[in-house]
Amino acid sequence: MHFGFFSSFSPPAWHAPSDRMFGDDWWSGEYHARLAKRAEKAAFDFIFFEDTAGVSRTSGGNMDTDLRYALSSPKNDPVALLSYLAATTQRLGLISTASTTLYPPFLLARLYATIDNLSRGRAGWNIVTSSETEAAQNFGMDELPPTDERYSIAEEFVEVARKLWASWDEKAVVKDLEANFYTDPSKVHSIDHEGKYFKVRGPLNSYPSPQGTPLLAQAGGSPRGRDFAAANAELIMSTTIGGVEAMKAFREDIHNRMRKFGRDPRECRIMYALHTYVGDGFSEFRQSITDAQLAPVLGKHSAHLGVDLTQFNLDEPFPDHVVTNGTTSMLESLKEKGRRGISLREAMIDFNWGDNEIGAVGTAQSVARSLIDAMEEAGGDGYIIMATQDANQAHLDGIFEGLVPELQRLGAMRTDYSGKTLRENLFAF
Ligand SMILES: Cc1cc2nc3c(=O)[nH]c(=O)nc-3n(C[C@H](O)[C@H](O)[C@H](O)COP(=O)(O)O)c2cc1C
């Protein structure tokens, strides 16, 4: 199986009293460099950074919850972090999120080509369309465009970016001293793109990067989002929410959509983001979670959903009638749990701490076995281990000292890299 490590360029585990100073230097990049080195030593395919672009006001209509619990801010720009990690790691893939609703395509294409150069071919772009009104309002809009239109913009955006990455032929840089040519002008082409949303002349002005096109990752959950992912992505991410059945259905659905777009399902890796808790005593921990500990979790998910979760009763199932212009697929999971009679409290604990549905909670041996079994049953290419604010010292040790060696012992996880680039490693088996 392939493994990614999910992170965020924001404070880790600041609220765990025993780990008060753990990762306190996160803002300098050093904490994430240490994390990336650990992931590289364990031969993870990549480290992945989520991103958002605003201080959320979803909870209670003001910024208090977001700022108080450090939910989506402070957060530094993860694309800048990748250049630091490019210098502090050698083999690990480096994926960061950037939004097609907020960036201009030229700026993004040049930025990722530069990261791909700096990392010698290890860059990946997680394509998102954004789900926060606050982000829209930082970029001259009053509201985000509706979900479907965001994906129409994203389609054209990716088309432009691909054209830009292809605007230099492979052998364009000749460095021919005798003929006095650094670059052969006949091998660099304008793109002259004029579409509904973008007008870009091109070509790109950066050095042609090792991968050419950075690895394209996506995690659309809505029907339109899944179509977009199936048409464009090489790495499609979902979650383990809903268990093996949901994972299996997701993969089958993506494969059908890929075939619809004339793509071979083998052209894309499907990986599931999961919360795991490796160690004893999760059920006691689960029982001990207080309303105060849940408050930041509610705040975080309110921001993702674009729905203020504090208005609902924690001990009742989530109601079926709620709608959002935010993350629709996550709302669907919440409603689905609600229909099964699972309370909002239990759903939040599952989403945030440990996914009981596929048995990702327990000893290293039992979690490793569960991950293997779930993947065999559901099909798919691996997992992205999520550890953000719950990534305290013990949690990370459980993953890197417990789970990883066990998976490697069972032959379910590689112990070294075979390729040089992110794409080579992700498609090595
Ligand atoms: C593993 C994973 C990582 C994601 N990372 C981000 C992110 O960094 N920023 C963001 O705005 N959305 C992120 N999302 C949300 C998706 O891009 C997408 O908006 C969501 O799954 C809902 O799908 P939809 O937009 O088609 O409704 C992520 C989703 C998953 C499953």
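Hi everyone, let me start with a crossing: helices α8 and α13 cross in a right-handed way. Before I go on, please keep in mind that this is a predicted model.

So who touches whom here? From α8 the contact takes V244, M247, K248 and R251, and from α13 it takes A374, E377 and A378.

Now the geometry. Two packed helices are described by the angle between their axes and the distance between the axes. For α8, residues 243-260, and α13, residues 364-378, the angle is about 45° and the axes are 9 Å apart. That angle is why α8 counts as oblique to α13.

Next, let's talk charges. Side chains of opposite charge can pair when their charged atoms come close.

First on my list are R226 and D253, whose side chains meet in a salt bridge at 2.7 Å, N to O. R226 sits in helix α7, residues 223-232, and D253 sits in helix α8, so this pair ties together parts that are 27 residues apart in sequence.

Next on my list is D227, which forms a salt bridge with R257; their closest N and O atoms are 3.1 Å apart. Here too the pair links distant parts of the chain, with D227 in helix α7 and R257 in helix α8, 30 residues apart. Are these two buried or exposed? D227 is buried, and R257 is buried as well.

My last pair is R269 with D381, a salt bridge of 3.6 Å, N to O, between the side chains. R269 belongs to strand β11, residues 269-274, while D381 is in the loop between α13 and β14 (382-386), so the pair ties together parts that are 112 residues apart in sequence. R269 and D381 are both buried.

Let me finish with a serine. S59 lies in the loop between β2 (46-49) and α2 (64-68). Its relative accessibility is 6%, and because buried means under 20%, S59 counts as buried. What does S59 touch, once we leave out residues up to four places away in sequence? The answer is T65, G299, S302, D308 and T310.

Key: Residues are numbered from 1 along each chain as its sequence is written. This is a predicted model: local features need pLDDT of at least 70, side-chain atom pairs count only at pLDDT 80 or more; totals for chains, interfaces and linings use all residues. Side-chain values use heavy atoms; hydrogens and water are left out. Axes are lines fitted to C-alpha atoms, for helices over the stretch in contact, and angles run from 0 to 180 degrees between N-to-C directions. Helices (H or I, at least four residues) and strands (E, at least two) are DSSP runs, numbered from the N terminus. Angles under 35 degrees count as roughly parallel, over 145 as roughly antiparallel, 65 to 115 as roughly perpendicular and the rest as oblique. A crossing is left-handed if the near helix is turned anticlockwise from the far one by less than a right angle, and right-handed if clockwise. Contact means heavy atoms within 4.5 Å. A salt bridge is a side-chain nitrogen of Lys or Arg within 4 Å of a carboxyl oxygen of Asp or Glu. Buried means under 20% relative accessible area, exposed over 50%, partly exposed in between (1.4 Å probe, protein chains only).
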